[in-house]
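Open the model in your viewer and get the selection tool ready. We will take the stops one at a time.

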Amino acid sequence: MYAIETRGLAKIYRGRIGRPAAPSLDALDLTVGSNEIFGFLGQNGAGKTTTIKVLCGLIRQTRGTAAVCGIDVRRREARQSLGYLPENPYFYEYLTPRETINFYGQIGGLGAKERERQWGSISELLDLREIAGQRVRGFSKGMRQRLGFAVALVGDPAVLILDEPMSGLDPLGRRRIRELMLHLRTQGKTVFFSSHVLGDVEQICDRVAILSKGRLVVQGRVDELLSRRVTHVEVIASGLPETVDSEIAATAVSSRNSEEGRHFVLPDLARANDAVRRVHAAGASLVEFSPVRESLEDYFLRLQERKP
Amino acid sequence: MRIAAVAMNTFREAVRDKVLYVLLFFAGATILGSKALGWVSVGQDEKIIIDISLAATSLFGVLIAVFVGTSLVYKEIDKRTIYTILSRPMWRYEFVLGKYLGLAMLIGVVTLVMAAMAAAYIAVMGGHVGLTYLQAVLLIYCQLLLVTALSVLLSSLTSPILGAMIVFSCYVLGHATGIMINMPPRFDGTFVKSAFETAYYVIPNLSHFNIRAEAANGATVPGTYVLWTMAYGAAYTALLLVLAAFSFENKDV
């Protein structure tokens, strides 16, 4: 049984009078296994949030099916095993984090003792204790995001659906969220999240899916999707005689001066190795030799360029 | 428990709304100011104070029901607080009912405070309030519950401004049902007559809830009348809440 599964999922929002309806999502087949960290990628308007809203029961699909832990998302029980963090989460401003967690525990059907127990574990995990008594009104973006995460964890759901959890956070905040997701995987949870920060996705995701204009372009393991071929090699050398410099520059894609010496970008490993041989033969120093492989960002951009 | 949690949260939110205190201040000022009209109506002080106090309780209660009620669900969608709530394992009708009950609780407290304030003022002025006064307050509250239900229904369908306009129109027409069914003969066969006749059968007759004159004059109102009027209000309120829950069930948020 998949943690999340959609078959032919489509959502068409009603257009304004006289205007055609706009398909936001079309024939989406998606499978997310248990205990995976799954990245859901796409440009703005690709249909990521629409998919997430369908999965969370906030909107109804026009066609197709969607299930969380094998239960149709149109059924209330599907939300029993689901925790949701919306993009830029909003909470009641007049409540404190402790009251907020208590409120969501109540509407999740948890008893008083269980709510107290969950507050203990969640507040510790997300460092909420020091701000437990402060009203949400004065919270920074990072604090709100932490509280949003805490709310998603209330009820100990098996599947977490996070919409742009790193959006607007500073590097420290993003790192914290990444670590949290990895920690949740060790706890046996499934984390499904959308993001624009492809570096973060590449670092932590087991699998990804890429959407474009409401349609699934590709899904699979990150290491399988990326060819991992070397796209180019960066070579830096110092003390190069002018003639050798010119010879290497003639085979390079580009060359420039840097603080450490001459910086060459070679198109492949063969030419890079040849350049290194010339550097050594001339008695110059090799400062750096870096083969650069395709990143998820390169792959994503390549896909976007390919699509009409 | 889920309904109670939403209700308590709604109550708490509304209690912290400054608008509530502004309305309560004006309600108090109106009740205290009723003495001024008493002076110009020789020997009628007590009647005038009771009448105006009950009218103020009703009017300010309606203002709260309309202004808070019509934005109740809409605000949750607009501020996106609803996302994290409806993604929980709760029925949507539980949310609507919880919001309604929270506001009903608030209006109950406000009605009680205004009625108690007026009763204390009347006592200070040397008068007294009897059973009919309490019956009048009870029926005002029943009417406010009905108006609140209509506000909550519209809150899940349309914007607060349009919703408030519709509720106010229904409130005014609800107090003028006699006019709607007794249109002058020159309107016979016209669209206006059929529209008003339809409205007569659809819009609740709110004048049933008005026994201010009886309370002011110390007249007796039969208990059965109060019970039947309450049942009439409860039936309309239940119907409106069912419609609100139904309209919200498949709404995209």
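**Where the chains meet**

Start by selecting A:Lys11 and B:Asp252: their side chains meet in a salt bridge, with 2.6 Å from N to O. Keep in mind that you are looking at a predicted model. Across the interface of chain B and chain A, the rule finds two salt bridges.

Next, colour chain B by its helices. Helix 1 (2-15), helix 5 (82-86) and helix 6 (92-124) of chain B each give at least two residues to the side that touches chain A. Helix 1 of chain B makes the largest contribution to that side, with six residues. If you colour the side of chain B that touches chain A by class, you will find eleven nonpolar, five polar and 13 charged residues.

Now show the whole interface. Here 29 residues of chain B are in contact with 33 residues of chain A. Between them, the two chains bury about 2900 Å², and 53% of that lies on carbon and sulfur atoms. Pick out B:Thr84, B:Arg88 and B:Pro89, which supply 23% of the area that chain B buries against chain A, more than any other three residues.

For the last stop, move to helix 7 (residues 131-155) of chain B and select B:Gln135. Is B:Gln135 buried or exposed? B:Gln135 counts as buried because its relative accessibility is 10%, under the 20% cut-off. Beyond its neighbours within four places in sequence, B:Gln135 is in contact with B:Ile211, B:Val221, B:Gly223 and B:Val226.

Conventions
Residues are numbered from 1 along each chain as its sequence is written. Chains are lettered from A and ligands numbered from 1 in the order in which they are written. This is a predicted model: local features need pLDDT of at least 70, side-chain atom pairs count only at pLDDT 80 or more; totals for chains, interfaces and linings use all residues. Side-chain values use heavy atoms; hydrogens and water are left out. Contact means heavy atoms within 4.5 Å. Buried area is the accessible area (1.4 Å probe) that two parts lose on being put together, summed over both. A salt bridge is a side-chain nitrogen of Lys or Arg within 4 Å of a carboxyl oxygen of Asp or Glu. Helices (H or I, at least four residues) and strands (E, at least two) are DSSP runs, numbered from the N terminus. Ala, Val, Leu, Ile, Met, Phe, Trp, Tyr, Cys and Pro count as nonpolar, Asp, Glu, Lys and Arg as charged, and the others, Gly among them, as polar. Buried means under 20% relative accessible area, exposed over 50%, partly exposed in between (1.4 Å probe, protein chains only).
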